[in-house]
Structure formats: structure tokens, C-alpha cells
Amino acid sequence: MQVYVNGALLPKEQAVVSVFDHGLLYGDGVFEGIRVYGGKVFLLGEHIERLYESARAIRLVMPISPAEMTAAVEKTVAANGIRDGYVRLVVTRGSGSLGLDIRKTSDPQVIVIADTISLYPAELYEKGMQIITASTIRNHPAALSPRIKSLNYLNNILAKIEATDAGAPEAIMLNHKGDVAECTGDNLFLVKKGELLTPPVDSGVLDGVTRRAVMRLAEGAGVTVREVTLQRHDVYVADECFLTGTAAEVIPVVGVDGRMIGDGKPGPVTQDLRQRFQRLTRGELTL
Ligand code: PMP
């Protein structure tokens, strides 16, 4: 494996950062997870745009332009011969002193890792997942906006631990108001009376690239899409539920907190959107 670090492609063992890097010391940096389908980097422009917006929000001055970043991703994917896989794009603040002052950091690290992907078990896509609601709430947007895809994932990790302890693959996180936000690594959708519902970005969720794509696919299929504040109750009484994310794609949820969703099987709207999403990844559909 060859890893891109600051312009060079290095063998995995040599791809290292300083122990003084603020990415390590404080989770101070931004990242993206991106898919490769059939040798093509999927929705790369949207990921690059979000990366630069996240960087702007945390005042991280990017050392290279979006066009150079795009080229770096494509070069790394090609160098590793990845046809179907996953790219992790990371930009850290760089190394500085042990203090928090970003003025002491001078060398943001740009890292691109292209690898194969490990998925949820195929069975979960067929049968659907049983998930829980975590007691850990999603970061308050005024503390650290969930719209920023930062390296600080501790909030999500704490909720993921709750899921794992409960024997569930994922957990729903509520926001500071008690409304549904998202899962630890995925956005959440419900189907109710034929409409597709998802919490608005200002409920404190990541503006997911897959979320956006699925909303457009649904509109193209003639399904009404509404971004609305959702409560746990709405999840419990939904006809269908599914999650979206770069790694997860579209995955059905058939149980939440011990309540069966719909009839306990992946529903027709979920299955149709899943198929449309697969066609999109193969270039058979456009947005
Ligand atoms: N929410 C969170 C917290 C995530 O980490 C992710 C995965 N990056 C998502 C939602 C889904 O976003 P995307 O579709 O852009 O991968």
C-alpha cells in the first residue's frame, strides 16, 4: 500500500505524523471518507467542497488547493490499483507546541489512504438492523457543529460504545433538544405514509453526501421528501427506517429500542432507494 503524505506517495510503514501533531493531541483537523466504485471516485467534488468548508470553519488554512486535493485523491487511488474501495482523506493542523495555540502550528499534514472496504455483514442489508437510541446526545451545534467533519469523533465514539454494549451495530443520537439527530456514522431517514422524512441539518447533523444523493434520488422517483424535526416517537411509529452513509450506503433499520419498525422487514421505499443508489454508483443513473 502506498499512502499519500504531503505530496509524496510513501510505503505504509513510512507514512507517519509527528507525536506533536494537533490532530493526535486534540483531534484538531478535518477529514472525509469517500468511496471508489469501478475505479471512479464517487461524488468527489462534494466531498472536497465539504472538506474545505470544514477547514474554513475551524480556521485551518489548507496547504493545497481543492484542484490539487482532487488530483491527490485520484493519484492515490490509481497508485494502489483500487477499483472498489474507500478513501480516507485527512488534514491535520500539524505539529506545534503542547498548548492549544494554533499560531504555533505550521505544517498541516495532508494524508490520503486508499484501501479496500469492510462493510456491515451482507445479511444486515437483506434483513435490516436492530438499533438503539444512545443516552449520549449529539454535540450541541454551538459547541462543535456536527456540520464540521472534524477529527474529533469522541462524541460519536461514546454513543457507538453504547450501541456495542447493547449488541447493536449503530445508535441513534438525539440532539440537545431531545430531537432525533443522526446515527454515530450515518444519517437517518423515515418513511411515513409514502413520504420520506429526515431531520434538517439544523437539527445538528452532518450534511451527508449520501443523504443529499438519496434525497435527490427519491425526488426523481416521485417521492415527497421533507426535512422535518423528528422525535423518537416518529421513529417508533414509522413505516420504514433506513440509514445513509458513504461506508454504509443505504441500510434498512427494522427495529429501534426493541420496537419493531413497520412489519419488521425492509420496506418497499427503502428497497427501491437502495437499488437506485446502487445504479447511481454504477453510473446508470445521474442526480
Ligand atoms: N453522520 C456522521 C456523524 C458521519 O460520520 C457520516 C459518515 N461520514 C455520515 C453522517 C454520513 O455522511 P456521508 O454520506 O457524507 O458519508
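Helices here are DSSP runs of H or I with at least four residues, strands are runs of E with at least two, and both are numbered from the N terminus. This is a predicted model: local features need pLDDT of at least 70, side-chain atom pairs count only at pLDDT 80 or more, and totals for chains, interfaces and linings use all residues. Residue numbers start from 1 along each chain as its sequence is written.

**Stop 1: the end of H8.** Select Gly283. Gly283 follows H8 and has a positive phi, near 80°.

**Stop 2: H8 itself.** Step back to residues 268-281, the 14 residues of H8. From first C-alpha to last, H8 reaches 20 Å, close to the 20 Å expected at 1.5 Å a residue (1.5 Å times one less than the number of residues).

Now colour Val269, Thr270, Leu273, Arg274 and Leu280, which are buried (20 or more other C-beta atoms within 10 Å of the residue's own, with C-beta atoms placed from the backbone). Look down the axis: the buried residues of H8 fall within an arc of 135°, so they line one face of the helix. The arc is taken over directions from the helix axis to the C-beta atoms.

**Stop 3: the packing partners.** Show strands S10 (187-192), S11 (195-198), S13 (240-245) and S14 (249-256), plus helix H6 (209-220); the buried residues of H8 pack against these elements. Contact means C-beta atoms, placed from the backbone, within 7 Å.

**Stop 4: the two domains.** Zoom out and colour domain 1 (2-115) and domain 2 (122-281). The bounds come from an automatic or database domain assignment.

Key: Buried ≥ 20, exposed ≤ 12 C-beta atoms within 10 Å, placed from the backbone. Contact = placed C-beta atoms within 7 Å.
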